[in-house]
Amino acid sequence: MDQHLPLEEQRLRLSKLKDMEKPSFKSFKLQNLVSSSQLFKTRVKLIKTMKDLKKNHENTLRRSRPHLGQKERRNLLLFLPLGALIDEQPPQEFRCLNLAGYYILVPLKTRQSLRFDFITNSVNFHVNLLGGKNLTFDRFTITAPGDSVNTDGIHIGHSNGINIINSNIATGDDCISIGGASEQIRITNVRCGHGHGISVGSLGKTTDEFVSGIFVRNCTFYDTDNGVRIKTWPALHGGMASDMHFEDIMMKNVRNPIIIDQMYCPWNQCNPKLPSKVKISNVTFKNIRGSSATAVAVRLNCSSSFPCQKVEVADINLTYGGKEGPVKSLCANVKPTLKGKLTPTIC
């Protein structure tokens, strides 16, 4: 399909795929692609083996781009429905991105840009980025109802050098979640609404996991369950989360504005009586202000086996106007360095 067609013409052509008995996969050039989740809701035959995937991809490209050589065809983008890859990894020459119910296989060697203006109402993660390197999400808008389950805005794992800037994310789960093997993640000037805020983790559930170089700056949270959060599972696997910095942040009616939770155990999937094995160190919470929806505005609950190390809390001004009493903090297994004016009093 010619990506230089007007957007409405692209929608019209894609809608016609619904009436095809055996629609084939479509490959799209990365350059100048404007899309939303609604554009790709077509019935597509599932591919259950990697051999079929490669064969179908190549055949589709030969038919739709007969004028391209093999090298040029490798620089095209392949859309797949969820469930298309079963018990197998993407081909080595591709990087895998899960977007609003579709896998997107991005050629590793491509130098073109991928543009998405908005995504709305995915049934699961809106964007699931695995194995990404040096990618930027700029002026990115994601929306979903506040009560929708598991609708993370952007989930990042096994990635390095990811930037999320100047964006607006409002979902029913984490606006942004950062999983294991992620390094140098920068989140700047993001508005995060509803849902669970911005989370590092959860870590330590299935294997030893490592995260470092997380920078969240100049962001605004409104009506979320959490603001900035680090969460690890108790009792299970180890790992390390270090060099994480949360600075210049505004909270508006947030239930847990600042939280380290090393007893994260939803649905009783672990033994909460045993401490977390994930080590947390070199963490900064600085210049965080606004309003808390609960009396406990700062909660630092670290592991008794591996207490948090080198945690700095500076220039905090969080207010609470409810009936639960004065605003306060709760701390366990951590001795933070305190700087500047602090409301509430820390630890």
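Arg229 and Asp174 pair up through their side chains in a salt bridge, with N and O 3.3 Å apart. This one links distant parts of the chain: Arg229 sits in strand β16, while Asp174 is in the loop between β10 and β11, 55 residues away. Keep in mind that we're looking at a predicted model. Arg229 is buried, at a relative accessible area of 7%, and Asp174 is buried too, at 2%.

Asp174 has another partner: its side chain also meets that of Lys231 in a salt bridge, this time at 3.7 Å from N to O. Lys231 belongs to strand β16 as well, and 57 residues separate it from Asp174. Both Lys231 and Asp174 are buried.

The whole structure has 5 salt bridges. Another of them joins Lys339 to Glu312, with the closest N and O atoms 3.5 Å apart. Lys339 lies in strand β23 (residues 337-343) and Glu312 in strand β21 (residues 309-319), so this pair ties together parts 27 residues apart in sequence. Lys339 is partly exposed, with a relative accessible area of 44%, and Glu312 is partly exposed at 21%.

Strand β16 covers residues 226-232, and Asn226 is part of it. Asn226 is buried, with a relative accessible area of 7%. Its side chain makes a polar contact of 3.3 Å with the side chain of Asn256. Pro257 is 31 residues along in sequence from Asn226, yet the two C-alpha atoms are 5.5 Å apart. Leaving aside residues up to four places away in sequence, Asn226 touches Gly195, His196, Gly197, Phe221, Val254, Asn256 and Ile259.

## Thr171 and its loop

Thr171 is in the loop between β10 (160-170) and β11. Thr171 is buried, with a relative accessible area of 0%. The side chain of Thr171 reaches the backbone oxygen of Thr151 at 3.3 Å. Beyond residues up to four places away in sequence, the contacts of Thr171 include His126, Ile142, Asp152, Gly193 and His194. Gly195 is also on that list, and Gly195 touches Asn226 as well.

## Parallel strands around β9

Strand β9 (residues 154-157) points Ile154 and Ile156 one way and His155 and Gly157 the other, and all of them are buried. On one pairing, 4 bridges join β9 to strand β6 (residues 127-130), running parallel. Ile154 is the bridge partner of Val127 there. On another, 3 bridges join β9 to strand β11 (residues 176-178), again parallel. In that pairing, Ile154 stands opposite Ile176.

## The nonpolar core

Ile176 turns up again in the largest nonpolar core, which has 54 residues; Ile176, Ile187, Phe246 and Phe285 touch the most other members. Strand β17 (residues 238-254) supplies the largest share of this core, 6 residues. Not counting residues up to four places away in sequence, Phe246 touches Val200, Val216, Val228, Ile230, Val283, Thr284, Phe285, Lys286 and Ile288.

## The chain as a whole

The chain has 3 helices and 23 strands. Of its 347 residues, 51% are buried. Among contacts with a separation of 6 or more, 74% are between residues 24 or more positions apart. The accessible surface of the chain comes to about 16800 Å², with 48% of that belonging to carbon and sulfur atoms.

How values were computed: Residues are numbered from 1 along each chain as its sequence is written. This is a predicted model: local features need pLDDT of at least 70, side-chain atom pairs count only at pLDDT 80 or more; totals for chains, interfaces and linings use all residues. Side-chain values use heavy atoms; hydrogens and water are left out. Helices (H or I, at least four residues) and strands (E, at least two) are DSSP runs, numbered from the N terminus. Buried means under 20% relative accessible area, exposed over 50%, partly exposed in between (1.4 Å probe, protein chains only). Contact means heavy atoms within 4.5 Å. A polar contact is a pair of N or O atoms within 3.5 Å; within protein, one must be able to donate a hydrogen and the other to accept it, and residues adjacent in sequence count only if both atoms are side-chain atoms. A nonpolar core is a set of buried Ala, Val, Leu, Ile, Met, Phe, Trp, Tyr and Cys residues joined through side-chain atoms within 4.5 Å. Accessible areas come from the Shrake-Rupley method with a 1.4 Å probe; for residues, only the protein chains shown count as cover. Two strands pair if DSSP finds at least two bridges between them. A salt bridge is a side-chain nitrogen of Lys or Arg within 4 Å of a carboxyl oxygen of Asp or Glu.
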